[in-house]
Amino acid sequence: MAWQPLPTSDARSGEPAPLARSLDRVVRNLGGSSAEAVGGLFGRWQDIVGGRIAQHATPSALRDGALVVTVDDPAWATQLRFLEPEILSRVREAIDLPMLERLEVLVRRPKR
C-alpha cells in the first residue's frame with residue numbers, strides 16, 4: 001500500500017497548513033485528543049503526579065486509550081499500578097484526554 005497524505009480541507013486550497021493544525025490532525029488520527037493536550041501531559045507530568053513519582057516514572061506513549069509510563073524499578077511499577085485510579089483522575093483533571101482509560105507500566109532500568 002502506497003503512502004498517501006491524510007485527507008484535509010487544506011489540500012484543496014494549495015496553501016500550506018499551519019504546523020499546529022497538522023500536528024493536531026495527526027494526533028487525533030492516532031487516537032489522541034489534540035497535540036496541545038498530549039504535549040501538555042508530557043510537559044506537565046511532574047506537576048500532575050508530583051516530584052517523587054516523576055523522579056521514577058516517565059510518560060512514554062499514549063496509545064489505544066492507555067497512558068504508557070516507564071519506571072526505573074519494579075517497586076515503582078507496583079506503586080503506580082496501585083495508584084492508577086488517582087493518576088488517571090489527575091491527568092483527566094489537568095488535561096483534556098477523554099480517550100484515556102488505563103495506565104500501562106513498563107520497567108526499564110537506567111543504563112549505567
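Contact, throughout this tour, means heavy atoms within 4.5 Å. The model is predicted, so local features need pLDDT of at least 70 and side-chain atom pairs count only at pLDDT 80 or more, while totals for chains, interfaces and linings use all residues. Residues are numbered from 1 along each chain as its sequence is written, and side-chain values use heavy atoms, with hydrogens and water left out.

**Whole chain**

Along the sequence they follow the pattern α-α-α-α-α-β-β-α-α-β. Among contacts with a separation of 6 or more, 52% join residues 24 or more positions apart. Of the 112 residues, 34% count as buried, where buried means under 20% relative accessible area, exposed over 50% and partly exposed in between (1.4 Å probe, protein chains only).

Next, select β1 (57-63), β2 (66-71) and β3 (102-107). They form an open sheet in the order β1-β2-β3, with mixed pairing; two strands pair if DSSP finds at least two bridges between them. The edge positions belong to β1 and β3, each with a single partner strand, so one side of each lacks a neighbour in the sheet. From one strand to the next, the twist averages 25°.

Zoom in on β1 and β2, which run antiparallel and are joined by 6 bridges. L62 stands opposite L67 in β2. The hairpin of these strands has 2 residues between them, and D64 there takes a positive phi near 50°.

Move across to β2 and β3: these run parallel, again with 6 bridges. Here V68 stands opposite E104 in β3.

Axes are lines fitted to C-alpha atoms, for helices over the stretch in contact, and angles run from 0 to 180 degrees between N-to-C directions.

**The core**

Show side chains for L41, W45, L67, L80 and V91, which touch the most other members of the largest nonpolar core, a set of 23 residues. A nonpolar core is a set of buried Ala, Val, Leu, Ile, Met, Phe, Trp, Tyr and Cys residues joined through side-chain atoms within 4.5 Å.

Which residues does L41 touch, not counting residues up to four places away in sequence? They are I48, L62, L67, V91, I95 and L97.

**I95**

Finish at I95, in the loop between α7 and β3. Is I95 buried or exposed? I95 is buried, because its relative accessible area is 7%. Draw a distance from I95 to R44: they are 51 residues apart in sequence and 9.3 Å apart in space, C-alpha to C-alpha.

Key
Helix = DSSP H or I, 4+ residues; strand = E, 2+ residues; numbered from the N terminus.
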